[in-house]
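Look at the chain below before reading on.

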Amino acid sequence: MHVVCEGLGVRVTRVLFVNTRSAIGADVAVHISLIQNLDPARCEVYVATNSRAADAAVMERIVSAVPGAKLFKLNLGYELAGLGKFRKPIAVAGNLVALLLGLLRLMAVVWAKRIDVIHSTDRPRDALVSTLLAKLTGRKNLIHFHIKWYPEIGRATAWGLRNCSAVLAISQFARRSLIEGGIPEEKIYTALNATDPDRFDLNRHDPAEMRKRLNLGPEVPLVGIAARIMVWKGHIELVEAMAKVRESIPEAHLVIMGNEDTLASPDSYAAKVRQRIEELGLSENVTWAGWFDDMPRVFAGLEVVAVPSWEEPFGLVVTEAMSMEKPVVGFDSGALPEIVTNGEEGLLVPARDTRRLADAIIELLRDPAKRREMGRKGRAKVIERFTPHRQADEVAGIYERICQGPANEFAAPSDKGQKQIPTG
């Protein structure tokens, strides 16, 4: 741990979360959990958020409820998708101006509040702005890496990852992909994501509530997938597996929860999934439920949670299902083997093997006792290894370690004379 001495006083690490996002996604949700759970005895929390975001008021309400956290609202631009060809150039210019002015304001915040670490996501604007901000103010910055590295990751994100102080991977799978992408191993830290077992608690929710909402009776064997509708999430593989499940369990039903990711699937992956459902004659066995804000109530009504992602970097839905005592069925790829032990908290099968995926679902739908035992073990593992307090404690330690490195040559004059002291 490190503390910074100013005269006779001692202070904790000051961290500024920078989110330029236009809406709260899974990555920002992880940051919100950290903001809510970082120990005030170790971290002083500041949050800079985009005032142009569609849900800016929601973010403000969340941060305002965290004792001690301080919020700064800045115009950091907005998404350009969906704009007409005549409006887009004007919007691009407007975004650049907003980002430049926002960067200047952020520099003032960093110097005024004597920030130690700037923490952002791997989104292009986040990675670019936070890394520029760190270089201009002489601070450390940490890019939270929530995805898998791939060659088309984008120039802004790639530049940020290569030039930031440190990268925080959400799994060993994500970490290995960064190394394969050329990011120096010594600058990569790992902290697994977390789920709140108090919120995701089966005893606090009625399993019949979600089924009533979907007009499904308690006798229906129900499998659910909760994910953005995009090709890498494996909806078509799951649908093909459900066709095989129906041969053994005709009344088995699949509920698809989530909205389509039009940026990742511009040619409408959802339309392809619907077409495959019709081709397999599964229309009566599938319900499109859209997105739910209250996921614990959804999980309560399921027998099995399916995660057929090809290479999931982590998958919060996995630990959420486990916390709700629901067995997980998925592919033995990505980060899933880091979370689920095959045969203990769920069943993992070879990637994209729909026959084996179907067999795993059939096995669990036919064996309530096994589902209960896997569910019990899943919740116990979440409480032991995946709590928000555990994640926040690990991340606080990472802040302290990266702050022990040499100061940037562009440090503000007000920082001179500070001394970092290793205490353990």
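What follows describes a predicted model, sheet by sheet and then contact by contact.

Residues are numbered from 1 along each chain as its sequence is written, and side-chain values use heavy atoms, with hydrogens and water left out. In this predicted model local features need pLDDT of at least 70 and side-chain atom pairs count only at pLDDT 80 or more, while totals for chains, interfaces and linings use all residues.

Helices (H or I, at least four residues) and strands (E, at least two) are DSSP runs, numbered from the N terminus. Two strands pair if DSSP finds at least two bridges between them.

Seven strands make an open sheet. Their order is S5-S4-S3-S6-S7-S8-S9, and the pairing is parallel. Strand S5 (70-74) and strand S9 (188-190) stand at the edges. Each has a single partner strand, so one side of each has no neighbour in the sheet. Neighbouring strands are turned by 25 degrees against each other on average, direction ignored.

Strand S4 (residues 43-50) and S5 run parallel, joined by five bridges. Tyr46 has Lys70 in S5 as its bridge partner.

Which residues of S8 point each way? Ala166 and Leu168 point one way, and Val167 and Ala169 the other. All four are buried. Buried means under 20% relative accessible area, exposed over 50%, and partly exposed in between (1.4 Å probe, protein chains only).

**Helices on the sheets**

Contact means heavy atoms within 4.5 Å. Axes are lines fitted to C-alpha atoms, for helices over the stretch in contact, and angles run from 0 to 180 degrees between N-to-C directions.

| H4 (residues 124-137) | S3, S4, S6, S7 | about 165 degrees with S6 |

**The six-stranded sheet**

Six strands form an open sheet in the order S12-S11-S10-S13-S14-S15. The pairing is parallel here too. Strand S12 (286-290) and S15 are the edge strands, and each pairs on one side only. The twist averages 20 degrees from one strand to the next. Strand S13 (residues 304-307) and S14 run parallel, joined by three bridges. Val305 has Val328 in S14 as its bridge partner.

**Nonpolar cores**

A nonpolar core is a set of buried Ala, Val, Leu, Ile, Met, Phe, Trp, Tyr and Cys residues joined through side-chain atoms within 4.5 Å. In soluble globular proteins, nonpolar side chains tend to be buried together.

The largest nonpolar core has 48 residues. Leu161, Leu178, Phe299 and Val318 touch the most other members. H11 gives the largest share of this core, five residues. What does Val318 contact, leaving aside neighbours within four places in sequence? Its contacts are Val307, Val328, Leu336, Ile339 and Val340. Another core, of 35 residues, lies apart from the largest one. Among its members are Val223, Ala241, Ile256 and Ile277.

Angles under 35 degrees count as roughly parallel, over 145 as roughly antiparallel, 65 to 115 as roughly perpendicular and the rest as oblique. Ala, Val, Leu, Ile, Met, Phe, Trp, Tyr, Cys and Pro count as nonpolar, Asp, Glu, Lys and Arg as charged, and the others, Gly among them, as polar.

Helix H8 (residues 235-248) and helix H9 (residues 269-279) pack at about 10 degrees, with axes 10 Å apart. H8 is therefore roughly parallel to H9. The H8 side includes His235, Ile236 and Val239, and the H9 side includes Tyr269, Val273 and Ile277. This contact has five nonpolar, one polar and four charged residues.

The axes of H13 and helix H14 (residues 368-385) come within 6 Å and cross at roughly 100 degrees. The two helices are therefore roughly perpendicular. Glu363, Leu364 and Leu365 of H13 meet Pro368, Lys370, Arg371 and Met374 of H14. These residues divide into four nonpolar, no polar and three charged.

**Two positive phi values**

Most residues other than glycine have a negative phi. Glu325 has a positive phi, near 65 degrees. Glu325 sits in the loop between helix H11 (316-323) and strand S14 (328-331). Its relative accessibility is 25%, so Glu325 counts as partly exposed. Arg352 also has a positive phi, of about 65 degrees. Arg352 lies in the loop between strand S15 (346-349) and helix H13 (354-365). At 47% relative accessibility, Arg352 counts as partly exposed.
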